[in-house]
Amino acid sequence: MGRGPSIEGRKNAEDAKRAKVFTKLIREITVATRAGVADPAGNPRLRAAVDKALSANMPKDTIERAIKRGSGADGGANMEELRYEGYGPAGIALIIECFTDNPTRTVADVRHALTRHGGNLGTSGSVAFQFTRCGEIVFATGGNEAAEEKVLEAALEAGADDVVNEHGESTVLCAPENFEAVQQALIAAGLESSHAGVVMRPNNRVSVPDEAQETLQDLLERLDALDDVSEVYHNALLPAEAAG
């Protein structure tokens, strides 16, 4: 009779996955520190990065070391933020945000992933017009009208621009500069989000032909697996979302 993965094997896989997440978060904290001040209280972007790291159960001493690197110690000053734009299979628009200390390596890795999956790297601005940068705070409301109403009322009170209810979630949208104030107001209202951040949100979602769906999923997973890649945004309407 066949045997499934051992407990040790599963633990090793989970450890490797957590290490990869931590690598990305450390880079985000480092760049956020360098872009402002080393104190989260006076650096909203750093505070958001630290909150994300704490949500991922990153030890506080690891966070402190990342902030120290961003202050110029341990080579953190070499880390920079880059954004690539391009197309995936079936013409799906992609924005790929990276933190890297080696741009030559990063662009080569991103280009390789795209070309292997029938996509290509575009020039700056080639797809950005299809996205809007905004604050996004997501709540798992499960389609419950009372829960959706509570989010809507709190969001409007907090000065949010819109609330979108779909796929069992209520997504609060706001201008990037209002993100922190809106988020804090929602927390004060007793609401706990499943995700929050300033994102590139597609203006319209595009259906993906059946024959391209697997290739697109493989591409998104490949890009996410790259240490230098922090976020990948796309305008595809994935099957799970279409069904939702």
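**Notebook: cysteines, strands and loops**

I looked up Cys 98 and found it buried, because its relative accessibility is 0%. Here buried means under 20% relative accessible area, exposed means over 50%, and partly exposed lies in between (1.4 Å probe, protein chains only). I note that this is a predicted model: local features need pLDDT of at least 70, side-chain atom pairs count only at pLDDT 80 or more, and totals for chains, interfaces and linings use all residues. Residues are numbered from 1 along each chain as its sequence is written, and side-chain values use heavy atoms, with hydrogens and water left out.

**Entry: cysteines**

How many disulfides does a search of the whole structure find? I got 0. A disulfide is a covalent bond between the sulfur atoms of two cysteines. The cut-off is a pair of cysteine sulfur atoms within 2.5 Å. Then I checked Cys 134, which is in no disulfide either. Its nearest cysteine sulfur belongs to Cys 174, 7.4 Å away. Cys 134 counts as buried because its relative accessibility is 9%.

I turned to the strands. Strands (E, at least two residues) and helices (H or I, at least four) are DSSP runs, numbered from the N terminus. Two strands pair if DSSP finds at least two bridges between them. Strand 1 (residues 80-87) and strand 2 (residues 93-100) pair in the antiparallel sense over 8 bridges. I picked out Glu 80, and its bridge partner in strand 2 is Thr 100. Strand 1 also pairs with strand 3 (residues 120-121), antiparallel, over 2 bridges. There, Tyr 87 stands opposite Asn 120.

**Entry: loop residues**

The hairpin of strand 1 and strand 2 has 5 residues between the strands. Ala 90 sits in that loop. It has a positive phi of about 65°, although it is not a glycine. Ala 90 is partly exposed, because its relative accessibility is 49%.

His 167 is another non-glycine with a positive phi, about 55°. I found His 167 in the loop between strand 5 (162-166) and strand 6 (169-174). Its relative accessibility is 37%, so His 167 counts as partly exposed.

Is Asn 235 buried or exposed? It is buried, because its relative accessibility is 3%. Asn 235 lies in the loop between strand 9 (229-234) and strand 10 (236-237). Its side chain makes a polar contact with the side chain of Gln 130, at 3.3 Å. A polar contact is a pair of N or O atoms within 3.5 Å; within protein, one must be able to donate a hydrogen and the other to accept it, and residues adjacent in sequence count only if both atoms are side-chain atoms. I left aside neighbours within four places in sequence, and Asn 235 still has contacts (heavy atoms within 4.5 Å). Among them are Ile 92, Phe 131, Pro 202 and Arg 205.

Which order do the 4 strands of the open sheet take? I read 5-6-4-7, with antiparallel pairing. Strand 5 and strand 7 (195-202) are the edge strands, each pairing on one side only. Strand 5 and strand 6 pair over 5 bridges. In this pair, Glu 166 has Glu 169 in strand 6 as its bridge partner. Helix 6 (residues 179-188) packs on the sheet and touches strand 4 (131-140), strand 6 and strand 7.

Definitions and conventions: Axes fitted to C-alpha atoms, helices over the stretch in contact; angles between N-to-C directions.
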